[in-house]
Amino acid sequence: MSGVRSGVRLGIDVGKARVGVARSDLHGMLATPVETVPRDARSLDRVATLAAEHEAIELVVGLPLSMSGGDTPSTTDARDFAAALAERGLAVRLVDERLTTVSAQRALHGAGRTAKSSRHVVDQVAAVILLQHALDHERSRGEPPGVTLTADGGHPTS
């Protein structure tokens with residue numbers, strides 16, 4: 001388990017209507033759901049509050065790339081949301097999240113939940129899948145996944 005940073009991370013699944021939030025344990029082993037934040041003018045404040053409450057060392061924001069790896073309108077939206085969090089002084093890391101929402105919907109369907117009955121939790125489940133993937137990547141490779149955004153407007157760094 002060498003190379004794994006200690007500290008809680010929050011997984012953030014940015015959607016047009018809702019933002020799913022998950023958290024890791026202190027040792028970066030397991031992701032669990034936290035809440036679904038309505039996407040409105042208060043979304044950034046709520047995510048920042050959750051980061052402070054959980055004493056998160058970083059926010060892992062999902063980057064919804066197309067299957068070919070290109071940007072989509074959702075990619076731009078997630079980048080903008082992540083940049084706004086970074087501008088608040090929060091440590092933000094962008095991580096490829098292709099298929100996390102699809103995986104979350106399949107998992108909920110497999111558990112007997114309909115799309116309508118799982119709407120309020122699918123974003124949390126997607127955030128859990130995103131964060132668990134990031135934790136597993138760091139544990140297996142000994143390096144954090146994705147790219148870090150800086151507080152100077154969110155420009156990526158290695």
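This is a predicted model: local features need pLDDT of at least 70, side-chain atom pairs count only at pLDDT 80 or more; totals for chains, interfaces and linings use all residues.
User: What makes the pairing of D77 and R39 a polar contact?
Analyst: The side chains of D77 and R39 are joined at 2.9 Å, and because a polar contact requires N or O atoms within 3.5 Å, the value meets the cut-off. D77 itself lies in helix 2, residues 73-87, and, leaving aside residues up to four places away in sequence, D77 touches V14, G15, K16 and R39.

User: How do you know that the length of helix 2 agrees with its number of residues?
Analyst: At 1.5 Å a residue, the 15 residues of helix 2 should span 21 Å, and since the C-alpha atoms at its ends are 21 Å apart, the two values agree.

User: Which elements do the buried residues of helix 2 pack against?
Analyst: The buried residues of helix 2, among them T75, D77 and F81, pack against several elements, including strand 1 (9-14), strand 2 (18-24) and helix 1 (43-53).

User: Why is strand 2 called largely enclosed?
Analyst: Buried means under 20% relative accessible area, and five of the seven residues of strand 2 are buried, so the strand is largely enclosed by the rest of the structure.

Key:
Residues are numbered from 1 along each chain as its sequence is written. Side-chain values use heavy atoms; hydrogens and water are left out. Helices (H or I, at least four residues) and strands (E, at least two) are DSSP runs, numbered from the N terminus. A polar contact is a pair of N or O atoms within 3.5 Å; within protein, one must be able to donate a hydrogen and the other to accept it, and residues adjacent in sequence count only if both atoms are side-chain atoms. Contact means heavy atoms within 4.5 Å. The expected span of a helix is 1.5 Å times one less than its number of residues. Buried means under 20% relative accessible area, exposed over 50%, partly exposed in between (1.4 Å probe, protein chains only).
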